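Subject: Structure for you to look at

Hi,

Here is the structure I promised to send over. Please open it first, then read my notes below.

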Amino acid sequence: MMPHFTVRLVEETLDGKVEGRLIRALTDAVVEVVGEWARELVVVELFGIPRQRWGVGGAAPAGDPHLVTLNMREGALDGSRIPEAPARLIASITNAVAEVFGEGARAGVNVMLVGVPPGRSGVGGEVA
């Protein structure tokens with residue numbers, strides 16, 4: 001399974017200039033941890049959500065939240081191939097978002113790593 005990012009962020013932060021920078025930064029974040037082989041496989045999807053459609057604890061969030069989910073093979077996240085892979089990926093992904101949106105965005109970056117077990121993903125109708 002290819003590393004697949006789903007990123008939800010405030011719509012107003014997407015200005016036609018940050019999208020390419022964010023896609024490159026997140027791709028580089030994965031490559032930094034797992035290796036150059038992954039570069040051509042990284043998929044990044046950006047979803048802008050209007051500010052008034054956010055809520056945390058029953059209220060609009062302070063600042064601009066950045067919710068980043070990375071789905072990839074479970075084996076890449078268990079630490080057997082890459083020592084401390086989850087912690088390194090979380091740090092690298094957070095750094096990538098802060099690089100694009102500024103250091104003030106760091107506190108609003110929420111990263112979720114989702115490990116996909118073998119046989120639970122597919123491409124072109126075939127189990128991958």
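Start with V30: at 0% relative accessibility, this residue counts as buried. Buried means under 20% relative accessible area, exposed means over 50%, and partly exposed lies in between (1.4 Å probe, protein chains only).

Some ground rules. This is a predicted model, in which local features need pLDDT of at least 70, side-chain atom pairs count only at pLDDT 80 or more, and totals for chains, interfaces and linings use all residues. Residues are numbered from 1 along each chain as its sequence is written, and side-chain values use heavy atoms, with hydrogens and water left out.

Back to V30. This residue lies in helix α1. Helices (H or I, at least four residues) and strands (E, at least two) are DSSP runs, numbered from the N terminus. Contact means heavy atoms within 4.5 Å. Neighbours within four places in sequence aside, V30 is in contact with P3, F5, G35, A38, V42, L70 and L89.

Now S92. V30 and S92 are 62 residues apart in sequence, yet their C-alpha atoms are 7.4 Å apart in space. S92 sits in helix α3 (residues 85–101). It is buried as well, because its relative accessible area is 5%. Residues up to four places away not counted, S92 touches A29, E32 and V33.

The core comes next. A nonpolar core here is a set of buried Ala, Val, Leu, Ile, Met, Phe, Trp, Tyr and Cys residues joined through side-chain atoms within 4.5 Å. The largest one has 29 residues, and F5, L26 and I93 touch the most other members. At least two residues each come from β1 (4–10), α1 (18–34), β3 (66–73), α2 (74–77), α3 and β4 (109–116). Helix α1 gives the most, with eight residues. In soluble globular proteins, nonpolar side chains tend to be buried together. Take F5 as an example. Its contacts, beyond four places in sequence, include L26, V30, V68, L70 and I93.

Two loop residues are worth a look. W54 lies in the loop between β2 (43–49) and β3. Is W54 buried or exposed? W54 is buried, because its relative accessible area is 12%. Among the residues it touches, beyond four places in sequence, are R8, L9, V10, P61 and P65.

E84 lies in the loop between α2 and α3. E84 is exposed, because its relative accessible area is 60%. Its phi is positive, about 55°, although E84 is not a glycine. Most residues other than glycine have a negative phi. W54 and E84 are 30 residues apart along the chain, and their C-alpha atoms are separated by 32 Å.

Finally, the whole chain. It has three helices and six strands. From the N terminus on, their order is β-α-β-β-α-α-β-β-β. The C-alpha atoms fill a box of roughly 40 × 30 × 30 Å along the principal axes. Buried residues make up 36% of the 128. Among contacts between residues at least 6 apart in sequence, 75% join residues at least 24 apart.

Best wishes
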